[in-house]
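Student: Please go through some of the labels used for this model and show what each one rests on.

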Amino acid sequence: MEIQIPRKKSMKLKYAAATFVGLIACILYFYQADSVPTVASDKLTLLKVEQGQVDLFSQAFGELYSAQERMLTSQASGKVANIHVKPGAIVTPETVILSLANPELNLAYQSAVGNLDASKAQLESFELEQENERLDYQGRIVDIESALERAQLELRVNNELSERGVSAKLDIIRAELSVNQQGKKLAFEQQKYQHFLKVQAFQLKQRQIALEQQSQEVALLQQQLDDLQVKAGIHGTLQSLAVETGESLPQGAILGRVGSVDSLLARLRVPQHQADQIIIGAPVELATRKGTISGTIARIESLVTNGNVLAEVALASELPADARPLAPVTGQIFMHTKENALYIKQVAGLRPMSQLERFVLTTDSTTTATKRNIQLGDLTKGKLIIESGISADEQFISQMPDTWSAYQTINIDQQG
């Protein structure tokens, strides 16, 4: 058995409900129209949108730092005996920062000096021995030369006697043989002498190399002893000191840092979204508490830290009185020029790179303001760029109370 539900009654209910909803909407509309707030003009702060050429600058914060820095390290192990200079003091290259003590190094140096002196004496003795050996060789050569001369003399005498018929032919042959033997002996001995001189030269070179190594060892120990008096090494200030009196330190330990005062650079933390718009060589204006400094971008790092990129600035103008390492600075970095840019003057409460709802007065009406979404861009030297949502010469209300959020328009009483 089927149950038939009358459709006529259902349709009447639907029409009645739709009529009721429409009536409620009309009532709400007219109620809201009657309740649109009216605000006196003298109670409002209006911002007018301007248009023109704007140089875009990235505002970044950072600090000055030394262009020349020297890390102080211990060149030998030792104990901190005295600290002569405290951080912040002006220093020169010869200023002694602190003194280290190392008795073992002193003993090693004295022993090395003694060994070097002994080696020098041995080398002098060796050179005298070589000189005596050369003299012995030269003596033997002189003896052979004398024997050769005697043989030559005997040969000449025998030849003269032979011409007179006195000397026998056998005597002449013996004299010629003696001359040849002595000549060969002299040539061989001279060849041996040249070889002997080369051997002596190599032996002397080996001794000299060993002596030079000992000299370098003594010089190294002397330098290490000198380095126990830790000096600044450059003109500037002692920026930090990492040790205390009585502390024992290994070789290579970090003692402190010295930085230049007159030669400075600046580090600025540039927002990541602006870093790719900055080029090397871009002009920069830096501000300290007591003055300004001009410079250029020298280097931009690629590493992003906490949303910022580090940029290095080379300074090009005279430094103000308060310029010193680690002094805070504010930088304005030129990015590019934007033609026909929309902008307003920066006021409190408006954040760059944000979207906000504000009531806008068009150029055609000064009594009615309509709510719009406005996209803000970068802030550059007190000018806040407008990306979208409003046109040139239009005005918008700077601050919007929460009670206005339910309305799309407000009325403005110009006689308020």
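Tutor: Keep in mind that the model is predicted.

Student: Why are H2 and H3 called roughly antiparallel to each other?

Tutor: The axes of helix H2 (residues 103-164) and helix H3 (residues 169-227) cross at roughly 170 degrees. Angles over 145 count as roughly antiparallel, so the label applies to H2 and H3. Their axes come within 9 Å.

Student: What makes up the contact of H2 with H3, by class?

Tutor: There are 27 nonpolar, 21 polar and 14 charged residues in that contact.

Student: How do you know whether Gln274 is buried or exposed?

Tutor: The relative accessible area of Gln274 is 5%. Buried means under 20%, so Gln274 is buried. Gln274 belongs to helix H4 (residues 272-275).

Student: Which residues is Gln274 in contact with, leaving aside neighbours within four places in sequence?

Tutor: Ser58, Gln59, Met335 and Asp378 are in contact with Gln274.

Student: What makes S5 and S10 a pair of strands?

Tutor: Strand S5 (residues 78-83) is joined to S10 by two bridges. A pair needs at least two bridges, so S5 and S10 qualify. The two strands run antiparallel, and Lys79 stands opposite Ser248 in S10.

Student: In what order do the four strands of the open sheet come, and why do S8 and S10 stand at the edges?

Tutor: The order is S8-S7-S5-S10, with antiparallel pairing. Strands S8 (229-231) and S10 (248-249) each have a single partner strand, so one side of each is left without a neighbour in the sheet.

Methods
Residues are numbered from 1 along each chain as its sequence is written. This is a predicted model: local features need pLDDT of at least 70, side-chain atom pairs count only at pLDDT 80 or more; totals for chains, interfaces and linings use all residues. Side-chain values use heavy atoms; hydrogens and water are left out. Axes are lines fitted to C-alpha atoms, for helices over the stretch in contact, and angles run from 0 to 180 degrees between N-to-C directions. Angles under 35 degrees count as roughly parallel, over 145 as roughly antiparallel, 65 to 115 as roughly perpendicular and the rest as oblique. Ala, Val, Leu, Ile, Met, Phe, Trp, Tyr, Cys and Pro count as nonpolar, Asp, Glu, Lys and Arg as charged, and the others, Gly among them, as polar. Buried means under 20% relative accessible area, exposed over 50%, partly exposed in between (1.4 Å probe, protein chains only). Contact means heavy atoms within 4.5 Å.
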